[in-house]
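Colleague: Hey, could you walk me through this one? I'm new to it.

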Amino acid sequence: MSKAKAVPNLQIEKSSLDAIDVQIVSALDSDARLSMSKLAGIVGMSAPSVAERVRRLETSGIIRGFNLDLDPRAIGYQVRAMVRIRPLPGKLHLVERLIQETPEFVECDKITGDDPFLARLVVHSIEQMDDVLEALSEHAVTSTAVIKGTSVKRRLPPLQT
């Protein structure tokens, strides 16, 4: 009889955020443009101490950047859609590159299941959406759902200390 190999005990590393870090991250999520002095006032610390904590959060990769939240509709992109994309056999890398090179795809995740890509698309019109999807049609099958509204805006995961 062969002996079964021991499977290592997989553990997810717990977040290294303390209560002050949670306050800092939450405040920056509400307004990423806060000055260090205003952020210091919110968390009850000195500005240099808060600046050092923010640097540490950035260095450790917890804070990856400070992003602009732009409303595509305000600049004319009236149609937003989620597109499931299933490349034809042998076309996975080509389709991934096409998605990356198409600026109307503003976000794309690789996912499990039959459709390896789930992309967010913004366009000025249904006609433009058809044109964008047509460019993929000889390399992939798509399934599109137009976004009517947003029930939950992108938010932070639960922050625990």
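Predicted model: local features only at pLDDT ≥ 70, side-chain atom pairs only at ≥ 80, totals over all residues.

Colleague: Let's start with α1 and α3. At roughly what angle do their axes cross?

Modeller: Roughly 85 degrees, and the axes come within 11 Å. Helix α1 is residues 19–30 and helix α3 is residues 47–59. An angle from 65 to 115 degrees counts as roughly perpendicular, so that is what we call α1 and α3.

Colleague: Which residues make the contact?

Modeller: From α1 you have Ile20, Asp21, Ile24, Val25 and Leu28. On the α3 side there are Val50, Arg53, Val54, Arg56 and Leu57.

Colleague: And how do the residues of the contact of α1 with α3 divide?

Modeller: Into 7 nonpolar and 3 charged, with no polar ones.

Colleague: OK, now α2. How far apart are the axes of α2 and α3?

Modeller: They sit 8 Å apart, and the packing angle is about 95 degrees. That makes α2, which is residues 36–43, roughly perpendicular to α3. Met36, Ser37, Leu39, Ala40 and Val43 of α2 make the contact with Ala47, Val50, Ala51 and Val54 of α3.

Colleague: What's the contact of α2 with α3 like by class?

Modeller: It has 8 nonpolar residues and 1 polar, and no charged ones.

Colleague: What about α1 and α2, at what angle do they pack?

Modeller: About 130 degrees, with the axes 10 Å apart. The pair is therefore oblique. The crossing is right-handed. In α1, Ile20, Gln23, Ile24, Ala27 and Leu28 meet Leu39, Ile42 and Val43 of α2. That contact has 7 nonpolar residues, 1 polar and no charged.

Colleague: Staying with α2, which residues are buried there?

Modeller: Leu39, Ala40 and Val43 are. They lie on the same side of α2, because they cover an arc of only 105 degrees around the axis. The buried residues of α2 pack against α1 and α3.

Colleague: And which exposed residues does the face turned away from the buried side carry?

Modeller: Lys38 and Gly41.

Colleague: Why do residues three or four places apart in an α-helix point the same way?

Modeller: Because an α-helix has 3.6 residues a turn.

Colleague: What follows α2?

Modeller: Gly44 does, and its phi is positive, near 75 degrees.

Colleague: Changing topic: I clicked on Ser30. Is Ser30 buried or exposed?

Modeller: Ser30 is exposed, with a relative accessible area of 67%, and over 50% counts as exposed. Ser30 is found in helix α1.

Colleague: How far are the C-alpha atoms of Ser30 and Glu52 separated?

Modeller: By 20 Å, and the two residues are 22 apart along the chain.

Colleague: Last one, α5. Which residues are buried in that helix?

Modeller: Helix α5 is residues 126–136, and Gln128, Met129, Val132, Leu133 and Leu136 are buried. Their arc around the axis is only 130 degrees, which puts them on the same side of α5.

Colleague: What do the buried residues of α5 pack against?

Modeller: Quite a list: β1 (79–87), α4 (92–101), β2 (105–110), β3 (117–123) and β4 (140–146).

Colleague: And which residues are exposed on the other side of α5?

Modeller: There you find Glu127, Asp131, Glu134 and Ala135.

Terms used:
Residues numbered from 1 in each chain as written. Heavy atoms only, no water. Axes fitted to C-alpha atoms, helices over the stretch in contact; angles between N-to-C directions. Helix = DSSP H or I, 4+ residues; strand = E, 2+ residues; numbered from the N terminus. Parallel < 35°, antiparallel > 145°, perpendicular 65-115°, else oblique. Contact = heavy atoms within 4.5 Å. Nonpolar A, V, L, I, M, F, W, Y, C, P; charged D, E, K, R; others polar. Buried < 20%, exposed > 50% of the residue type's maximum accessible area, 1.4 Å probe, protein only. Arc of directions from axis to C-beta. Left-handed = near helix turned anticlockwise from the far one by under 90°.
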